[in-house]
Amino acid sequence: VVNAGFADFSSEELAQNGVLIGLVDGRMNAAAVDLEPEYIAVNGEGTKAYVTLQEANAIGVLDLETASFTAVKGLGFVDYSREENAADLIEDNAYAPKTYENTLGVRMPDGIGLYEVNGQTYLLTANEGDAREWGDFINETKVSLTDTQGKEAEKVRVLDPTVTAGLEEGVSYLFGSRSFSIFKADTMELVYDSGNIFENKTASYLADWFNSSN
């Protein structure tokens, strides 16, 4: 067994590059403590693994030949003020997607897949989203959000900015993005996001399970 960790990474530098880091008593956790590996996808040569760091909204690049992480890259956010990302945040047995200003979805991928085309490796991420709960540490809070038409969604789960570094003031960050994404593996450049297509299909075909928990 060989242990590969994140001791060589600076929490401050990661936070500046879009990686979400937890705060305890106002101080950032060390990356080696904070980052939580989830699922992996391995390239065709078996030389690299791409590891989802769900709660940090990032992917770690693991060199399998040296058993060391070479990069940790943030995955950005989904803008809920854009029509293609309109979401239904109200549990009322109806589907009525709305847009919200100053509201972002944090991709926070769980599962990950990989495929290669014409020498380019692509990563597919399932953007589930998940809160953290370590004993007394919880990074979730609930807020009311008002859509662009003036209707209020109550008790929406969002990241708690008092215990999460790297968040912009005045912006609400929802867990997950209700989408899947495709990235170029070498740069983590976004090439596709499914927006609210899955949400629309779920409401159409599985209405009884729409906006349910688990």
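How many nonpolar, polar and charged residues are in the lining of the second largest pocket? The lining has six nonpolar, two polar and three charged residues. The model is predicted, and the points below are grouped by topic.

**Second largest pocket**
- The space in this pocket is about 190 Å³.
- Its lining includes Ile-90, Glu-91, Asp-92, Asn-93, Ala-94 and Tyr-95.
- Ala-203, Ala-207, Asp-208, Phe-210 and Asn-211 also line the second largest pocket.

**Positive phi angles**
- Most residues other than glycine have a negative phi.
- Asn-57 has a positive phi, near 55 degrees, and lies in the loop between β4 (48–53) and β5 (58–63).
- Asn-57 is buried, at a relative accessible area of 0%.
- Met-108 has a positive phi, near 45 degrees, and is placed in the loop between β8 (103–106) and β9 (112–117).
- Met-108 is buried, with a relative accessible area of 0%.

- Phe-77 and Tyr-173 pair edge-to-face, 5.3 Å centre to centre with 70 degrees between the planes.
- Phe-77 is in strand β7 and Tyr-173 in strand β16, so this pair ties together parts 96 residues apart in sequence.
- Phe-77 is partly exposed at 30% relative accessibility, whereas Tyr-173 is buried at 4%.
- Trp-134 and Phe-137 form a stacked pair, 5.0 Å centre to centre with 25 degrees between the planes.
- Trp-134 is partly exposed, with a relative accessible area of 33%, and Phe-137 is buried at 11% relative accessibility.
- One aromatic cluster is formed by Phe-6, Phe-9 and Phe-69.

Notes
Residues numbered from 1 in each chain as written. Predicted model: local features only at pLDDT ≥ 70, side-chain atom pairs only at ≥ 80, totals over all residues. Heavy atoms only, no water. 1 Å grid on protein atoms, 1.4 Å probe; cavity = no way out; pocket = protein on both sides within 12 Å on 5 of 7 lines; lining within 4 Å. Points joined across faces, edges and corners; volume = space filled by probe spheres on them. Nonpolar A, V, L, I, M, F, W, Y, C, P; charged D, E, K, R; others polar. Helix = DSSP H or I, 4+ residues; strand = E, 2+ residues; numbered from the N terminus. Buried < 20%, exposed > 50% of the residue type's maximum accessible area, 1.4 Å probe, protein only. Phe/Tyr/Trp six-rings, centres within 6.5 Å; stacked < 30°, edge-to-face > 60°.
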